Amino acid sequence: MMRYALVTGGSRGIGRAICEKLAGEGFRLLINYRSDDAAAEETLLRVREAGSDGELLKFDVADARATRTALAAWSDAHPDAYIEVVVNNAGIRRDNLMVWLPEEDWSAVLNISLGGFFNVTQPLLQPMLTHRRGRIINIVSLSGLKGLPGQTNYSAAKGGVIAATKALSQEVARRGVTVNAIAPGFISTDMTADLEEKELKKQIPAGRFGKPEEVAALAAFLASDSAAYITGEVISINGGLY
């Protein structure tokens, strides 16, 4: 039976690396993205180069109706299959001190990370519970654990997903579904390209930014049979920066 994994925000960065890694583990990938068709096609090409295949699912995770419509259409087209692994990776940063933070930048960040977690995960839960197998992996952040100045919105969004991870894991554990979160520190991606890497590296005990592939390796482990007894955890991958 074909095993399916959905990765939101899968067109670049950490999401792309996770798609590639899961493809290498034999999953067929559903690559969600919002707007960049060319980047999504590049991810699909890399999935195929990794020895699997996939399909593109273009929708905005912050749009509840669009998300449900897209997932329902996929289910209708694959009546004998279900999405066994979901990686909630989609997110944006709109950094600012809260005193100057526009309301739309508060809402946009929360709607994608926290709202997107609900919009994507909720409709996929019942099939996982029915099959008594599922893996929900939420990509959060160091910001959600310690809070970072200039990221009140991002910290609130990721902190909310962390709390939801812990609660949901207790609801579904008896049915063979695990729910875990990965909290990356500074990872070299498009999202961190605007940061002052030279200065920030001085704060990191490992002395460098992480690689998307390192986060992807952890995600693949959490998606595997070997991780069946790990749930409700938030695993940091940050080079020792706490």
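How much accessible surface does the chain have, and what share of that surface belongs to carbon and sulfur atoms? The accessible surface amounts to about 11,400 Å², with 51% belonging to carbon and sulfur atoms, where areas come from the Shrake-Rupley method with a 1.4 Å probe and, for residues, only the protein chains shown count as cover. The structure is a predicted model, in which local features need pLDDT of at least 70 and side-chain atom pairs count only at pLDDT 80 or more, whereas totals for chains, interfaces and linings use all residues. Residues are numbered from 1 along each chain as its sequence is written, and side-chain values use heavy atoms, with hydrogens and water left out.

The chain contains 8 helices and 7 strands, these being DSSP runs numbered from the N terminus (helices H or I, at least four residues; strands E, at least two). Along its principal axes, the C-alpha trace spans about 50 × 40 × 35 Å. Of the 242 residues, 49% are buried, with buried meaning under 20% relative accessible area, exposed over 50%, and partly exposed in between (1.4 Å probe, protein chains only). Among contacts (heavy atoms within 4.5 Å) between residues at least 6 apart in sequence, 73% join residues at least 24 apart. The chain carries 26 positive and 28 negative side chains, and the centres of the two sets lie 5 Å apart; Lys and Arg count as positive and Asp and Glu as negative, while His and the chain ends are not counted, and the place of a charge is taken as NZ of Lys, CZ of Arg, CG of Asp or CD of Glu.

Glu84, in strand 4 (residues 83-88), is buried because its relative accessible area is 5%. The side chain of Glu84 is joined to that of Arg133 by a polar contact of 2.4 Å, a polar contact being a pair of N or O atoms within 3.5 Å, of which, within protein, one must be able to donate a hydrogen and the other to accept it, and for which residues adjacent in sequence count only if both atoms are side-chain atoms. Beyond four places in sequence, the contacts of Glu84 include Arg3, Tyr4, Phe27 and Met128.

Thr121 belongs to helix 4 (residues 103-131) and is likewise buried, at 4% relative accessibility. A polar atom of the Thr121 side chain lies 2.7 Å from the backbone oxygen of Phe117, and, residues up to four places away in sequence not being counted, Thr121 touches Asn88, Ile136 and Leu168. The C-alpha atoms of Thr121 and Ile136 are 7.8 Å apart, with a sequence separation of 15 residues. In the loop between helix 4 and strand 5 (134-139), Arg132 has a positive phi near 55 degrees, in a residue other than glycine, and is partly exposed at 48% relative accessibility.

Ile237, in strand 7 (residues 234-237), is partly exposed, with a relative accessibility of 21%. Its C-alpha atom is separated by 7.3 Å from that of Ile182, 55 residues away along the chain, and Ile182 is also one of the residues in contact with Ile237, as are Glu214 and Val215. Arg65, in helix 3 (residues 64-77), is exposed at 70% relative accessible area, and its C-alpha atom is separated by 30 Å from that of Val215, 150 residues apart along the chain.
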